[in-house]
Amino acid sequence: MGVSTTGLESRQLCFDEWMRQSGVLNSRALGSLCYSSAPLPLADCDIPGIHVAMTVLAAVNISAAMSTQPDAVCELWSSSVQTVAGQYGEIRYRHDGNTLFGVIQLDESADDAVQSSALQCSTERAYRQIFELLDKLGYPYVYRFWNYMADINRDSDGLERYRQFNLGRQDAFIASARNVAGNVPAACALGAAGGPLTVAFLAGHVQPLAIENPRQLSAYEYPQDYGPRSPTFSRASLVRSGAEDMLFVSGTASIVGHVTMHAADVAAQTRETLANIAAIIQAANERIGQLRFSPDQLFYRVYVRHAADLEIVRAVMQTQIGASLQAVFLQADVCRQDLLMEIEAGASQPAA
Ligand code: 3EB
């Protein structure tokens, strides 16, 4: 992603490079997302950030400073101007007058769970706090959510944890008078190896265009086969801030209509997923009325359920996207048992 008119910029870095650049950027940093199997010394740093417990399987073409097999990878968001830091409830955030980045990590406390599961309660509490903060600071529009939780596919209290998460999320959207269909933010939701419920978000003053995929039923319209409440996210959000267009492609998987395709065939799932992303990019370009985005310019974060599938997924991506592929591959659990991988992506382009 490049620089936008609002000065919003993101970088993909290995941890050493993240340490150096976050020091250089200092008060212009907005926040960061770091992924590694081992803990990272993030506590010393006052930039709002999350650590997600996921093994880094590979990094392709990210930056000259990044080795192909780093232990930790980070996404660092920054502004062209000074940021203001704050805390609201359990949220830590920074904002620059145009964009707000925040993080919240909640342990699932059992005392919440009188009527519902602990994860459902924690999710609702996290999202209610986020929406309160957005109202308080005057950043009405969420561009993107990142959601991570341990044991995403495990049943507890008679319901899969991802489905509990969907209940808590939708309840918070409704309680906060937010849409739960149509104009909803882009998102991802993945299973980490451990750690608390972790939500990061990017919000701003520009109303994003919610992009759907004609090959897929909108996730907010999924039937009840996938849980008592549909997931609340759009397939992508397009933020047109003036001289720059930013595209946030949600976690995308091998789903056509609402049905998982190619169970147990990770190569075919990767091809189907890339066909979905191509359709999302085309839908975004149609909204703009110009060929603004193309698959070879995006940054991809690829979540692979089984580490042993890495080379198959990587080979399909190299073949379909080409030599300019920029991607980070992480080991993660995906939110349907039969999905073996999922890809999210992003790009920023000048609004020619
Ligand atoms: C899917 O298409 C795959 O619950 O926020 C992708 C992106 C998925 C976001 C979410 C879930 C979410 O349904 C799963």
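Me: In this predicted model, which element gives the most to the shell around the ligand?
Reply: Two elements, α3 (161–175) and β12 (186–192), each supply at least two residues of the shell around the ligand. With three residues, the element that gives the most to that shell is β12.

Me: How many nonpolar residues does the shell around the ligand have?
Reply: The ligand has 13 residues around it, and among these Tyr162, Arg169, Tyr222, Arg235 and Cys335 come nearest. Divided by class, the shell has one polar residue and three charged residues, while the number of nonpolar residues is nine.

Me: What is the distance from a polar side-chain atom of Arg235 to an oxygen atom of the ligand?
Reply: Arg235 is one of the residues that come nearest to the ligand. A polar contact is counted for N or O atoms within 3.5 Å, and between a polar side-chain atom of Arg235 and an oxygen atom of the ligand the distance is 2.9 Å.

Me: Where does the ligand sit?
Reply: As for the place itself, the ligand sits in the largest pocket.

Me: Which backbone oxygen does the side chain of Ser237 reach?
Reply: Ser237 is found in strand β15, which spans residues 236–240. Its relative accessible area is 1%, and because buried means under 20%, Ser237 counts as buried. At a distance of 2.7 Å, the side chain of Ser237 reaches the backbone oxygen of Tyr143.

Me: Is Ser254 buried or exposed?
Reply: Ser254 has its place in the loop between β16 (244–252) and β17 (255–256), and its C-alpha atom is separated by 18 Å from that of Ser230, 24 residues apart along the chain. The relative accessible area of Ser254 is 0%, and since the limit is under 20%, this residue is buried.

Me: How far apart in space are Ala253 and Leu274, C-alpha to C-alpha?
Reply: Ala253 lies in the loop between β16 and β17, and with a relative accessible area of 6% this residue is buried. In sequence, Ala253 and Leu274 are 21 residues apart, whereas in space their C-alpha atoms are apart by 8.4 Å.

Me: What separates the C-alpha atoms of Met317 and Arg28?
Reply: Met317 has its place in helix α5, residues 310–321, and at 0% relative accessibility Met317 counts as buried. Met317 and Arg28 are 289 residues apart along the chain, and the separation of their C-alpha atoms is 34 Å.

Me: How does Arg92 count at 28% relative accessibility, buried, exposed or partly exposed?
Reply: Arg92 lies in strand β7, residues 91–95, and its C-alpha atom is separated by 8.6 Å from that of Ile47, 45 residues apart along the chain. Buried means under 20% and exposed means over 50%, so Arg92, at 28%, counts as partly exposed.

Me: What value is phi of Asp151 near?
Reply: Asp151 is found in the loop between β9 (141–150) and β10 (155–156), and at 38% relative accessibility this residue counts as partly exposed. Phi of Asp151 is positive, in a residue other than glycine, and its value is near 50°.

How values were computed. Residues numbered from 1 in each chain as written. Predicted model: local features only at pLDDT ≥ 70, side-chain atom pairs only at ≥ 80, totals over all residues. Heavy atoms only, no water. Near = heavy atom within 4 Å. Polar contact = N/O pair within 3.5 Å; in protein donor to acceptor, adjacent residues only side chain to side chain. 1 Å grid on protein atoms, 1.4 Å probe; cavity = no way out; pocket = protein on both sides within 12 Å on 5 of 7 lines; lining within 4 Å. Sits in = over half its atoms within 2 Å of the grid points. Helix = DSSP H or I, 4+ residues; strand = E, 2+ residues; numbered from the N terminus. Nonpolar A, V, L, I, M, F, W, Y, C, P; charged D, E, K, R; others polar. Buried < 20%, exposed > 50% of the residue type's maximum accessible area, 1.4 Å probe, protein only.
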